Structures are given as structure tokens and as C-alpha cells.
Amino acid sequence: MGRKFIVGGNWKMNGNKKGIDEILAFLAEGPLDPDVEVVIGCPSIYLDYVHSKLSPNCKNVAISAQNCYKVAKGAFTGEISPAMIKDIGAKWVILGHSERRNVFNESDELIAEKIGHSLEEGLHVIACIGELLEEREAGKTTDVVFRQMKAIAAKVKDWDKVVIAYEPVWAIGTGKTASPAQAQEVHAQLRSWLTDNVSKAVSDNMRIMYGGSVTAANCKELAKEKDIDGFLVGGASLKKEFVDIVNANK
Ligand code: PEP
């Protein structure tokens with residue numbers, strides 16, 4: 001069985017009810033390739049709103065939080081838990097996004113703990129990794145992404161609900177997309193890492209999304225690469241062109 005293509009939209013801290021209605025309308029209008037799994041990452045305050053408004057036409061669209069904490073409940077002001085995400089009917093969480101790592105200083109270990117707890121609670125996880133520009137320029141890309149993977153692997157018992165998003169930080173929100181060859185190279189290295197450090201079966205089945213300035217204009221070329229199994233899309237997920245990105249293989 002092939003790996004099912006998956007496209008995530010990361011709305012980040014954008015939108016309001018009116019804007020969300022517009023996004024949900026273009027998703028409902030689609031048409032979205034029914035063979036693609038679509039996940040929309042909403043600001044936590046709107047998760048329930050999106051869940052209540054998502055059209056029945058959007059059968060292959062699931063809802064994701066963009067972050068959560070590493071325990072079920074307690075005195076953690078401002079945080080949300082996987083249990084709460086599940087409670088409102090969402091099934092996914094994005095963890096380890098570069099903005100969490102680099103703006104909010106989340107460590108590899110904290111991210112891994114959040115991933116471990118989210119999986120124990122039954123959520124699906126988009127686990128994000130990626131190198132900074134200076135790390136790439138210093139030839140350290142694999143050191144960085146393998147270090148991030150090692151921390152994650154230490155907390156994952158079952159990989160079935162994990163999708164990896166390789167997002168070079170220099171490509172996020174910059175308009176500087178990695179070339180298909182650059183992305184493929186790292187995706188293939190990640191797959192080899194999984195073979196060597198987890199198992200051949202996990203490596204073969206793992207979906208590795210690429211993220212970083214994906215648009216309707218560049219998605220088709222990227223999607224042709226054999227180890228690119230989908231996209232995590234920021235800016236373009238707020239626009240109608242997201243439908244074209246979902247349909248990149250058509
Ligand atoms: C992201 O937020 O994960 C992302 C890849 O953003 P953008 O598509 O805007 O580069």
C-alpha cells in the first residue's frame with residue numbers, strides 16, 4: 001500500500017470568524033481530491049467553531065490544534081491539553097513547529113514530551129523538524145534534523161499516528177521554497193534515519209510532508225519527488241489556492 005498524500009494547513013495566529021467562514025466555504029466548494037488527507041490547523045480559540053461549521057462535504061478534512069501541553073490538566077495557565085482537543089472533536093495536533101521552537105524557545109525534549117503525551121491520548125501528530133539557515137550553510141542540516149528526530153523517537157512507542165513535517169526554517173514564510181531536489185534529499189535522509197533507528201516498516205510507511213513557502217505554483221514539482229508525501233502549508237492555506245495544493249497530484 002502506498003503512502004496516502006496528506007496536506008496540512010497551518011493558519012498560525014491568523015483569522016477571525018468571518019475569515020474562517022470564507023476558508024470553510026472554499027474548502028466545501030473544493031473539489032478536494034478524495035484520495036488526499038487534509039488537516040487544518042486552527043488557532044485554539046476557534047477549534048470548536050471550525051468543528052461546528054465544517055461542511056459535511058469536507059469528509060477528508062480533519063481539524064488540528066497548533067500546539068498543546070504535555071499533561072492532561074492542571075495549573076498551566078494559558079495552555080490546552082490533548083484531552084481538550086479531543087473533547088471538542090479535533091483529532092490532530094501540530095507540534096514542534098519552528099515558531100514554537102524559535103520564538104517560544106521550546107526544546108527538543110519538551111516537544112518530544114508533548115508528542116509522547118498527545119499520542120498516548122490518541123491524537124494524531126504532525127511532528128515538525130527543520131534547520132535554520134545558518135545551520136544549513138554550516139553543513140549541519142542532517143545533524144539538526146537527526147537530533148530532533150532522536151528526541152522525538154525517544155518518546156514515541158507507536159508511529160502509526162505520526163506524520164513528520166520537514167520544514168527548513170529559512171523557507172517558512174519567506175517565499176524561498178526549497179527546491180524539489182533539496183527537499184527530496186533531506187526526506188530521503190530522514191527515511192534512512194528511520195530505517196536505521198526505528199524500523200524498515202516505520203520508514204516505509206512514514207509520511208514526510210514538506211513545508212516552507214509551498215504555493216499552487218510550486219506544489220506540483222515538489223509532489224513529484226518520491227519521498228515527499230504531502231505538504232504543511234502556512235500562508236497559502238488561508239487562500240483559495242490551498243485547494244490547488246491539496247490537488248497537487250491531479
Ligand atoms: C508553516 O507555517 O508551517 C509554513 C510552512 O508556512 P509557509 O507556508 O507560509 O512558509
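Predicted model: local features only at pLDDT ≥ 70, side-chain atom pairs only at ≥ 80, totals over all residues.

Me: Which residue of S7 is the bridge partner of Ala165?
Reply: Strand S6 spans residues 162–166 and runs parallel to S7. Three bridges join S6 to S7. The partner of Ala165 is Met209.

Me: Are the faces of strand S7 buried or exposed?
Reply: In a regular strand, side chains alternate between the two faces of the sheet. On one side of S7 are Ile208 and Tyr210; on the other are Met209 and Gly211. Both faces are covered, and these four residues are all buried.

Me: How far apart are the end C-alpha atoms of helix H8?
Reply: H8 has 18 residues, 180–197. At 1.5 Å a residue, the helix should span 26 Å. The end-to-end value agrees with that: 25 Å.

Me: What is the angle between the planes of Tyr69 and Phe76?
Reply: The structure holds three aromatic pairs. Tyr69 and Phe76 form one of them, with 4.8 Å centre to centre. The pair is tilted, and the angle is 45 degrees.

Me: How many residues apart in sequence are the parts tied together by Phe146 and Trp193?
Reply: The ring centres of Phe146 and Trp193 are 6.5 Å apart, with planes at 35 degrees, so the pair is tilted. Phe146 lies in helix H7 and Trp193 in helix H8, so the pair ties together parts whose separation in sequence is 47 residues.

Technical notes: Residues numbered from 1 in each chain as written. Heavy atoms only, no water. Helix = DSSP H or I, 4+ residues; strand = E, 2+ residues; numbered from the N terminus. Expected span 1.5 Å × (residues − 1). Buried < 20%, exposed > 50% of the residue type's maximum accessible area, 1.4 Å probe, protein only. Pairing = 2+ DSSP bridges. Phe/Tyr/Trp six-rings, centres within 6.5 Å; stacked < 30°, edge-to-face > 60°.
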